[in-house]
Amino acid sequence: MDQVGDLREIRRTCARIVATLDPPRPWDLKQFVEYVSRQIRQQPIHLVGRQLPPGVTSFWFNVAGRGDFIVYEERSVPQHQLHLVLHEIGHMLLDHPSVDPAVLTDPTLPLPYGGKQEHEAELLAGAILNRFGPSPVGEPVADDLARAMETFDPSWEATPHVRPILLGRTSPWRRDRRGGPVA
């Protein structure tokens, strides 16, 4: 399958997963994590902020009998932390393997996933955020920046999950027929 076909299949998979979710409303990250913990993982999910080495922003590991641990870069801005946590939950929902907990003491250990799995988790995190996440009111400057990025940088369109994080919302002209942000 070519890259476009892969991307379509990943988006279909993400849409199917998001359609099965029914988190508490209004949106709250802690309540969403609790929902995934109880309803899907059926074990605790612990969020742990840490200062991580360069190039590592988050990871997830499982400890038998204690649950899942999502470790994220605590120096990130809150919107990025939200995305990091959803990215790791994306790995869980996609049935990707967790990292070896030994990575905490030996950061030279390899992470078990790469290219395609990272891309899948990114797209699923964006789809979850677009479907259920907060939608703060945008500012005219954010709308202008989004228009400029869409006009002059084709890679901007390839990463729709980044736009709401950077700008605080998805631009109104990029909505689907149901009125929700385009994933």
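View 1. Followed along the sequence, the protein runs through the pattern α-α-β-β-β-α-α-α-α-α, which amounts to seven helices and three strands. Here helices (H or I, at least four residues) and strands (E, at least two) are DSSP runs, numbered from the N terminus. This is a predicted model, in which local features need pLDDT of at least 70 and side-chain atom pairs count only at pLDDT 80 or more, while totals for chains, interfaces and linings use all residues. Residues are numbered from 1 along each chain as its sequence is written, and side-chain values use heavy atoms, with hydrogens and water left out. Of the 183 residues of the protein, 40% are buried, a term that means under 20% relative accessible area, found with a 1.4 Å probe and counting protein chains only.

View 2. The three strands lie in the order 1-3-2 with mixed pairing, where two strands pair if DSSP finds at least two bridges between them. Strand 1 (45-50) and strand 2 (58-63) are at the edges with a single partner strand each, so one side of each has no neighbour in the sheet. Neighbouring strands are turned by 20° against each other on average, direction ignored, the axes being lines fitted to C-alpha atoms, for helices over the stretch in contact, and angles running from 0 to 180 degrees between N-to-C directions. Strand 1 pairs with strand 3 (residues 67-73) in the parallel sense over six bridges, and Val48 stands opposite Val71 in strand 3.

**View 3. Two helices packed on the sheet.** Helix 2 (residues 29-41) packs on the sheet and touches strand 1, strand 2 and strand 3, its direction making about 140° with that of strand 1. Helix 3 also packs on the sheet, touching strand 1, strand 2 and strand 3, and its direction makes about 145° with that of strand 3. Helix 3 is mostly covered, since 13 of its 16 residues are buried, and Asp95, whose phi is positive, near 60°, follows this helix.

**View 4. Confidence along the model.** The protein averages a pLDDT of 77, and 66% of the residues score at least 70; pLDDT is the predictor's confidence in each residue, from 0 to 100. Confidence is highest in helix 2, at a mean of 97, and lowest in helix 6 (residues 154-158), at 46. Over residues 165-183 pLDDT stays under 50, and the model has 46 contacts beyond four places in sequence for them, a contact meaning heavy atoms within 4.5 Å.

Key. Buried < 20%, exposed > 50% of the residue type's maximum accessible area, 1.4 Å probe, protein only.
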